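Open the structure in your viewer and keep the selection tool at hand. Each stop says what to select next and what is there.

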Amino acid sequence: MELWFTEKHTPEVKFSIKVDRQLYSGRSEFQRIDIFDSKEFGRFLTLDGYMMLTEKDEFIYHEMITHVPMAVHPNPKNILVIGAGDGGVIRELTNYNSVENIDLVEIDELVVEVSKKYLPVTACRFDDKRLNIFYEDGVKFIRRCENKYDVIIVDSTDPFGVGEGLFTKEFYGSCYNALHDDGIMVNQHESPFYDEDAIAMQRTHKRITSSFPISKVYQAHIPTYPSGHWLFGFASKKYHPIHDLNPSAWNLLGIKTRYYNTRLHAGAFALPNYVEELLKDVE
C-alpha cells in the first residue's frame with residue numbers, strides 16, 4: 001500500500017508527496033503536528049495538514065527571509081523572530097557575529113521540541129547563547145515592545161488559525177513601534193498566483209504599507225509551497241532594500257548559503273507584471 005501526503009492548494013488543485021513513513025503525529029493546545037519522511041523531499045513538517053517545510057527546499061525560504069534584511073541593515077544587533085519554531089531562521093541568524101541578542105517568540109512549544117527531535121538539520125542552533133525563547137502569543141508580546149529591535153522577522157503560518165493575528169494592521173503597527181528608528185521588518189507574504197492566496201497577499205501588503213514608509217515585496221521559488229511562487233514583504237523605517245544594500249560588506253562576512261547571494265538579492269525585487277499590478281491595486 002502506498003502512503004501519500006496531499007495538500008489542497010485550491011478546490012481544483014492538489015499537491016502530493018509519496019511518503020515512506022510517518023515519524024510523528026501529535027496535537028498540541030494549538031494545532032496538529034506531523035512529521036513525515038519521503039524519498040524526494042526528505043523529512044517534512046506539516047501543521048494542521050499544511051506544509052511548513054521540507055528538508056529538500058527549506059533552505060530557500062529561511063535564507064531569503066533572513067539574509068535580505070540582515071544584508072541591508074548596517075549593524076543588526078538585536079533581533080526579534082516571531083514564529084519560526086522549526087529553527088530555520090535561528091540557524092541562519094546565528095551566522096552573524098554582529099548579532100548580540102535573538103528573541104524568539106513561538107506560541108507552540110511542542111513545535112520546537114518536535115523539530116529538535118525530528119528535524120536536526122533545521123533545528124540545529126537552539127543552543128546558541130544569544131537566543132532567548134518566549135513561548136507566548138506574538139501579538140501580545142509585541143505590544144509590550146517599543147524602540148527595541150533592529151530587525152523583526154515574522155515567520156508565520158498562513159493567515160488563519162494560530163497565525164491569523166500576525167496579519168492584522170494592529171500587529172504591523174506594533175512591529176513599527178518595536179523597531180528602532182532605522183529598523184526593518186520582513187514577513188512571509190503568501191503567494192500571488194492562486195486567486196484566494198493573491199487576495200490574502202494584497203490584504204497583507206495594504207496593511208503593511210499603511211504602517212511603514214518603505215514597503216517592498218520580493219520573491220523566491222519554493223517548490224513545495226502553493227504554485228511554487230512565494231513572496232516576502234520588506235518594510236523599513238529608513239533603509240531601501242536595494243539602494244542601501246552593501247554587497248561587498250555582506251560578502252566579506254563569508255556566510256555560506258545555497259540560495260541567497262547579493263546579486264539575487266537585487267533581482268528578487270524585480271517582480272512579474274501581474275504581481276506588480278496586484279500590489280498597485282492596494283497601494
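Select helix α3, residues 109-118. Its buried residues are Val-111, Val-112, Val-114, Ser-115 and Tyr-118. Keep in mind that this is a predicted model.

Next, select helix α5, residues 169-178. Colour Phe-171, Tyr-172, Ser-174, Cys-175 and Ala-178, which are buried. Look down the axis of α5. The buried residues fall within an arc of 155°, so they line one face of the helix. What covers them? Among the elements to show are β7 (78-83), α4 (138-143), β10 (149-155), β11 (179-188) and α6 (195-209).

Move to helix α2, residues 88-93, and pick Glu-92. Is Glu-92 buried or exposed? Its relative accessible area is 5%, and buried means under 20%, so Glu-92 counts as buried. Show the side chain of His-67 as well. The side chains of Glu-92 and His-67 make a polar contact at 2.7 Å. Setting aside neighbours within four places in sequence, Glu-92 is in contact with His-62, Glu-63, Thr-66 and His-67.

Two loops come next. In the loop between β11 and α6, select Glu-190. Glu-190 is not a glycine, yet its phi is positive, about 70°. With 3% relative accessibility, Glu-190 counts as buried.

Then find Ser-227, in the loop between β12 (214-221) and β13 (229-236). Ser-227 also has a positive phi, near 75°, and is a residue other than glycine. Ser-227 is partly exposed, with a relative accessible area of 31%.

The last stop is the second largest pocket. Select Met-70, His-73, Pro-74, Ala-249 and Leu-253, the lining residues that lie nearest its centre. In total, 16 residues line this pocket. Two elements, α1 (58-72) and α7 (247-252), each give two or more residues to the lining. Which element gives the most? That is α1, with three residues. Colour the lining by type: nine residues are nonpolar, six are polar and one is charged. The space in this pocket is about 270 Å³.

Definitions and conventions: Residues are numbered from 1 along each chain as its sequence is written. This is a predicted model: local features need pLDDT of at least 70, side-chain atom pairs count only at pLDDT 80 or more; totals for chains, interfaces and linings use all residues. Side-chain values use heavy atoms; hydrogens and water are left out. On a 1 Å grid over the protein atoms alone, a cavity is a set of points where a 1.4 Å probe fits but cannot get out, and a pocket is an open set with protein on both sides within 12 Å along at least five of seven lines; lining residues have an atom within 4 Å of a point. Grid points are joined across faces, edges and corners, and a volume is the space filled by probe spheres set on the points. Helices (H or I, at least four residues) and strands (E, at least two) are DSSP runs, numbered from the N terminus. Ala, Val, Leu, Ile, Met, Phe, Trp, Tyr, Cys and Pro count as nonpolar, Asp, Glu, Lys and Arg as charged, and the others, Gly among them, as polar. Buried means under 20% relative accessible area, exposed over 50%, partly exposed in between (1.4 Å probe, protein chains only). The arc is that of the directions from the helix axis to the C-beta atoms. Contact means heavy atoms within 4.5 Å. A polar contact is a pair of N or O atoms within 3.5 Å; within protein, one must be able to donate a hydrogen and the other to accept it, and residues adjacent in sequence count only if both atoms are side-chain atoms.
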